Amino acid sequence: MVQETQLADPLVRVLAVNDSPYQLEQWRDLFDACGYNSQTASNGAVALEMAERLHPDLIISDVEMPGMDGLALVDAIRRHPELHDTLVVLASGLRR
């Protein structure tokens, strides 16, 4: 018996943040293929402005970015009265 693929709720808003255009495209394609409503931002400052407007359900962010990095973005989200409970996932491609 073949099982149907259950897609995500398109009303779930995901904001992907990365300074790498390639990685942003990969994340956006993944979230779109799963059925989420996804948006992208190329740095933390832009992501914070977008989050204030969009109130995403999930933010996935690179750690290392110029300007406002992922850690500073998390700090700003946690201090924001309307966003403080937003789920944030930090990702890094750094190898140490």
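View 1. T86 has a relative accessible area of 8% and so counts as buried (buried means under 20% relative accessible area, exposed over 50%, partly exposed in between; 1.4 Å probe, protein chains only). The model is predicted: local features need pLDDT of at least 70, side-chain atom pairs count only at pLDDT 80 or more, and totals for chains, interfaces and linings use all residues. Residues are numbered from 1 along each chain as its sequence is written, and side-chain values use heavy atoms, with hydrogens and water left out. T86 sits in the loop between helix 3 (70-79) and strand 4 (87-91). Helices (H or I, at least four residues) and strands (E, at least two) are DSSP runs, numbered from the N terminus. Beyond its neighbours within four places in sequence, T86 is in contact with P56, D57, I59, I77 and R78 (contact means heavy atoms within 4.5 Å).

**View 2. The whole chain, for orientation.** The protein chain holds 3 helices and 4 strands. Along the sequence they follow the pattern β-α-β-α-β-α-β. Of its 96 residues, 35% count as buried. Among contacts with a separation of 6 or more, 63% join residues 24 or more positions apart.

**View 3. I77 belongs to the largest nonpolar core.** A nonpolar core is a set of buried Ala, Val, Leu, Ile, Met, Phe, Trp, Tyr and Cys residues joined through side-chain atoms within 4.5 Å. The largest one has 15 residues, of which L15, V17, I59, L73 and I77 touch the most other members. Strand 1 (13-17), helix 2 (44-54) and helix 3 each supply at least two residues of this core. A second, separate core has 7 residues, including A16, W27, F31 and I60. Leaving out residues up to four places away in sequence, I77 touches L48, A51, I59, L83, H84, T86 and V88. In soluble globular proteins, nonpolar side chains tend to be buried together.

**View 4. Helix 2 and its buried side.** Which residues of helix 2 are buried? They are G44, A47, L48, M50 and A51. They lie on the same side of helix 2, because they cover an arc of only 165 degrees around the axis (the arc is that of the directions from the helix axis to the C-beta atoms). Their cover includes strand 1, strand 2 (37-41), strand 3 (58-62) and helix 3. At the start of helix 2, a side-chain oxygen of N43 comes within 3.0 Å of the backbone nitrogen of A45. After helix 2 comes H55, with a positive phi near 50 degrees.

**View 5. Strand 1 beside strand 2.** Strand 1 is largely enclosed by the rest of the structure, because 4 of its 5 residues are buried. Strand 1 pairs with strand 2 in the parallel sense, over 5 bridges (two strands pair if DSSP finds at least two bridges between them). R13 has N37 of strand 2 as its bridge partner.

**View 6. F31 and Y36 form an aromatic pair.** The whole structure has 1 aromatic pair. The ring centres of F31 and Y36 are 6.2 Å apart and the planes stand at 75 degrees, so the pair is edge-to-face. Rings of Phe, Tyr and Trp (its six-membered ring) pair if their centres lie within 6.5 Å; planes under 30 degrees apart count as stacked, over 60 as edge-to-face and the rest as tilted. F31 is buried at 10% relative accessibility, whereas Y36 is partly exposed at 30%.

**View 7. Q23 in helix 1.** Q23 lies in helix 1 (residues 21-34). Its relative accessibility is 25%, so Q23 counts as partly exposed. Q23 and G93 are 70 residues apart in sequence, yet 9.9 Å apart in space, C-alpha to C-alpha.

How values were computed
A polar contact is a pair of N or O atoms within 3.5 Å; within protein, one must be able to donate a hydrogen and the other to accept it, and residues adjacent in sequence count only if both atoms are side-chain atoms.
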